[in-house]
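Dear colleague,

I am handing over the structure we spoke about, and below it I have set out what was found in it. Please read the notes with the model open beside you.

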Amino acid sequence: MTTEIIRVPDIGMDSATCIEVSVKAGDVIGVDDTILVLESDKASMDVPSPVAGKIVQLKIQEGDSVTEGDEMIYIELASDASAPSSSANTPAAAPAVAAAPVAVAPQANAETSSVTTVLVPDIGMDSANIIEIAVQVGDVIAEEDTIVILESDKASMDVPAPQGGEVIAISVQVGDTVSEGSILLELKTAGSAPASVAATNSVAEPAAAPAAPAGSAIETVTVPDIGMDSASVIEIAIQVGDQIALDDTLVVLESDKASMDVPSPISGEVVSITVKVGDTVAQGTQLIEVKTNAAAPSAPVVAAPSRAEVKTPKAEAPAPVIPVPASAPVASGKAVHAGPAVRKLAREFGVDLGAVPGTGPRGRVIKDDVAGWVKKRLQEPQQITAGAGLPTVPDQDFARFGTVEIKEMSRIQQLTAVNMVRNALVIPHVTQFDEADVTDTEAFRQSLKGEMEKRGVKISPLAFIVKACAAAMIEFPKFNVSLMADGKHMVHKQYVNIGIAVDTPNGLIVPVIKDADKKSIWQIAEEIIDFAKRGRDGKVKSVEMQGGCFTVSSLGALGGTAFTPIVNAPEVAILGVSKNAIKPHWNGTEFVPRNFTPLSMSYDHRAINGADAAKFTAFIALVLSDVRRLVL
Ligand code: CAO
């Protein structure tokens, strides 16, 4: 086994602080696995391993200041075959680490090669979509090799390379709409041709930059030397029309090794942006066009340049790359401290880094933070109910205890569940209990039996209750309201619609008896019978279940002495009716048997106070005890 010392490579700056050690002694790592994350006040970068093997010893700790050549790790190489050159095997060797964190692109030899920008040729139509990109950055292609396939609603066509060379940047992606003159890619070509735009196959170079007004010039800003072959555009910091100053950040680039700001070498107005987020760019790729003031000292190129000229990076440009500051904005708009690898991981998972709490030094977001965040999010759906964001009872394997069958809930059941949860949680409920002496009313109802038969309509106690509730709504308009979501307004209704809870095979529904205050007991009884029947048959329309002001839920036929119904929002009160019971009643001189209907009136305490609730319920009880009051 060979033990190798891996040293800090050329980090493009004098020194940097180790802010994250991504490995530990004993770890088995592969080529390009991140060993450290370094950060200066200008940049952050991952330092990858140039070799694969098992880490024997770590020589750097978090917080250490490191410079090129410092020992990072001792590593037992996975196999001798993967060992670097013998000189690199010796600890004393110069920091000839195989992979520098910021790989320096092989520079084009000015005498023997040049960069050619390949444009969309005359395609015989205004525009077309890119449906395939047939090359990749790094490919060496020959003249006439297909580089992209375009398609319009009329035709599809291959676009061949106008000359051979190495693809060093691709400016388009599948789905882009392009037209004649759109930049497709950059080719490093043999020969000494000037760095210029090369039209593809027999296609003339597009017209020169638009004529600039007197005293101004259109200049093209290209990607400067970024210290690596290519990088992705991860953010565009300007918009067309923006006035930019020297050193204003134009775009943020990121490779798998580093992220960096590209500052403007000139000031002026942005007239076009030729890249978009996700594009891969390389040194020389056109970024933007800027209308500059020709006389402005910050504009090194005065005349409206030709394309050939504008492709040339400006000699007087400021330091071409300002690596990403310690914090860079992300989707949430929040500044985030994170290294390129972490950003890449976050993008892969679609995580907004701004939302991830950083646990690294100075609140830096590290890989574990992103992983933990994703894990938490993945677990959430199992912990909350749809839409409610609340803990729910986890599913169990009930089959362990006996035979079970899983059936889908009806749509009504599902909706009821959601509404009940919402109403139970949102509304501060109070239930007022009372009882109505319905002895006389029941006697009266019984006396109507013959007439009921004649009319074919049976009046149940519920019809009287609905009518009594409608009267109460008129008497106590405070109950005929709905709270508005803004928490500042209340809707006061001028109509009295009473809903009745109906138990159906598909679940609970609440059809609404419209204008119950204006209807006779006979009409109300008819509607109750109709709703009960159609409810059982699943034939009550949704429009018939809307517009309620108050709900009555009668379990009187079923039993019970009281219950606490849940308010049917946006209404603010509901009356629960339980089974009548004959009880002894003290009439002042003696106990007499009387028939009582238990009333349970739940209300939204935000809208109704307890005193009103007591009066309202007592009023219903009073009317039910003497229905002659309904004609008062
Ligand atoms: N005490 C004693 N008996 C009562 C009563 C009460 N409070 N209310 C009704 N009854 C009697 C009726 O008089 C009738 O008896 P008779 O046939 O001898 O006259 C019997 O109970 C059946 O009445 P009904 O149910 O046919 O008619 P209704 O008008 O009382 O109710 C309806 C109709 C549709 C509301 C009812 O069928 C129903 O679905 N109730 C369930 C409501 C519900 O599920 N509520 C809970 C919702 S969750 O909060």
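Which element gives the largest share of the lining of the second largest cavity? Helix 8 does, with 3 residues of that lining. Before going further, please keep in mind that this is a predicted model, and that the values below are computed from it.

First, the chain as a whole. The chain holds 10 helices and 39 strands, and 44% of its 632 residues count as buried. Among the contacts in the chain with a separation of 6 or more, 64% are accounted for by residues 24 or more positions apart.

Two or more of the lining residues are given by each of helix 6, which covers 439–447, and helix 8, which covers 461–475. Sorted by class, the lining of the second largest cavity has 5 nonpolar, 2 polar and 1 charged residues.

Helix 8 also packs against another helix. Helix 8 and helix 9, the latter made of residues 521–536, pack at an angle of about 120°, and their axes are 9 Å apart; the crossing of these two helices is right-handed. On the side of helix 8 the residues in contact are Leu462, Ala463, Phe464, Val466 and Lys467, and these meet Ile521, Ile524, Ala525 and Ile528 in helix 9. The residues of this contact divide into 8 nonpolar, no polar and 1 charged.

Pro511 lies in the loop between strand 34 (507–509) and strand 35 (512–513). Is Pro511 buried or exposed? Pro511 counts as buried because its relative accessibility is 0%, and the cut-off for buried is under 20%. If residues up to four places away in sequence are not counted, Pro511 touches Ile498, Gly499, Ile500, Val502, Phe531, Val540, Glu544 and Met545. Pro511 and Glu527 are 16 residues apart in sequence, and in space they are 9.5 Å apart, C-alpha to C-alpha.

Asp612 is found in helix 10, which is made of residues 610–625. Although Asp612 is a charged residue by class, its relative accessibility is 8%, so Asp612 counts as buried. Leaving aside the neighbours within four places in sequence, Asp612 is in contact with Lys478 and Phe479.

Leu77 is found in strand 8, residues 71–77, and is buried, with a relative accessible area of 1%. Leu77 and Gly30 are 47 residues apart in sequence and 9.9 Å apart in space, C-alpha to C-alpha. Arg377, by contrast, has its place in helix 4, residues 367–383, and is partly exposed, with a relative accessible area of 33%. Between Arg377 and Val351 there are 10.0 Å in space, C-alpha to C-alpha, and the two are 26 residues apart in sequence.

Finally, some notes on the backbone. The peptide bond from Ala569 to Pro570 is cis, with omega near 10°, and Pro570 has its place in the loop between strand 36 (550–554) and strand 37 (573–577). Where does a residue other than glycine have a positive value of phi? One of the places is Asp32, where phi is near 80°; Asp32 is found in the loop between strand 3 (28–29) and strand 4 (34–39), and is partly exposed, with a relative accessible area of 42%. Another is Asp515, also a residue other than glycine, whose phi is positive and near 50°. Asp515 has its place in the loop between strand 35 and helix 9, and is partly exposed at a relative accessible area of 30%.

With best wishes

Note on methods: Residues numbered from 1 in each chain as written. Predicted model: local features only at pLDDT ≥ 70, side-chain atom pairs only at ≥ 80, totals over all residues. Heavy atoms only, no water. Helix = DSSP H or I, 4+ residues; strand = E, 2+ residues; numbered from the N terminus. Axes fitted to C-alpha atoms, helices over the stretch in contact; angles between N-to-C directions. Left-handed = near helix turned anticlockwise from the far one by under 90°. Contact = heavy atoms within 4.5 Å. Buried < 20%, exposed > 50% of the residue type's maximum accessible area, 1.4 Å probe, protein only.
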